[in-house]
Amino acid sequence: MNYALSIVCGLRPKDQVEATLGGQMAAIHMATMNAAMCMGEAKTWELREAHERALNRLSRTYVAQVEALKRYRSKGEQRVIVERVNVEKGGQAIVGNVAHWGGVGEENDR
């Protein structure tokens, strides 16, 4: 229980939704580690397959939870950072922050 609490505290939740998701993430992570341990100790091929399937599903669930937390924290905003721009001879480039707020076909687009 202390380990799960340390995971939740490490996420520094800002509200109850983030805290709940953190608790779920902790539980899934512990189950994933348990499935990995059981898979390593499996004596038969059938048991190994069953634990491998569980490990795979739990791992994918954890990744989905991390993505959900990321989306929730970003409030749906996306950020693109361009590291390098090449402008060929005769080309044009804008240097600075560019924001596009209008919809397609609106007068603001022109």
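Predicted model: local features only at pLDDT ≥ 70, side-chain atom pairs only at ≥ 80, totals over all residues.
1. Overall make-up. The protein contains three helices and zero strands. Read from the N terminus, the order of elements is α-α-α. Of its 110 residues, 15% count as buried. Among contacts with a separation of 6 or more, 51% are between residues 24 or more positions apart.

2. Geometry of α1 and α2. Helix α1 covers residues 2-11 and helix α2 covers residues 16-41. The two pack at an angle of about 135°, and their axes are 9 Å apart. The pair therefore counts as oblique, since the roughly antiparallel class holds angles over 145 degrees. The crossing of α1 past α2 is right-handed.

3. Residues in that contact. On the α1 side the contact is made by Y3, A4, I7, V8 and L11. On the α2 side the residues are A19, G22, G23, M25, A26, H29 and M30. Sorted by class, the contact has nine nonpolar residues, three polar ones and no charged ones.

4. The loop between α1 and α2. R12 is located in this loop. Its phi is near 50°, which is a positive value in a residue other than glycine. R12 has a relative accessible area of 65%, so this residue counts as exposed.

5. How many salt bridges does the structure hold? There are two. As background, side chains of opposite charge can pair when their charged atoms come close. The two pairs are taken in turn below.

6. E18 with R73. The side chains of these residues form a salt bridge, with an N to O distance of 3.1 Å. E18 belongs to helix α2 and R73 to helix α3, which spans residues 45-74. The pair therefore ties together parts that lie 55 residues apart in sequence. Are the two partners buried or exposed? E18 has a relative accessible area of 4% and is buried, because the buried class takes values under 20%. R73, at 33% relative accessibility, is partly exposed.

7. E49 with R53. This salt bridge also joins side chains, and its N to O distance is 3.9 Å. That value is within the 4 Å cut-off for a salt bridge. Both residues lie in helix α3, four residues apart, or about one turn of the helix. E49 is partly exposed, at 27% relative accessibility. R53 is likewise partly exposed, with a relative accessible area of 44%.

8. V66 and M25. V66 sits in helix α3. Its relative accessible area is 34%, so V66 counts as partly exposed. What separates the C-alpha atoms of V66 and M25? The distance is 7.8 Å, for residues 41 positions apart along the chain. M25 is also one of the α2 residues that meet α1.

9. Links involving α2, in short. Helix α2 packs against α1, through a contact with no charged residues.

Conventions
Residues numbered from 1 in each chain as written. Heavy atoms only, no water. Axes fitted to C-alpha atoms, helices over the stretch in contact; angles between N-to-C directions. Parallel < 35°, antiparallel > 145°, perpendicular 65-115°, else oblique. Left-handed = near helix turned anticlockwise from the far one by under 90°. Contact = heavy atoms within 4.5 Å. Nonpolar A, V, L, I, M, F, W, Y, C, P; charged D, E, K, R; others polar. Buried < 20%, exposed > 50% of the residue type's maximum accessible area, 1.4 Å probe, protein only.
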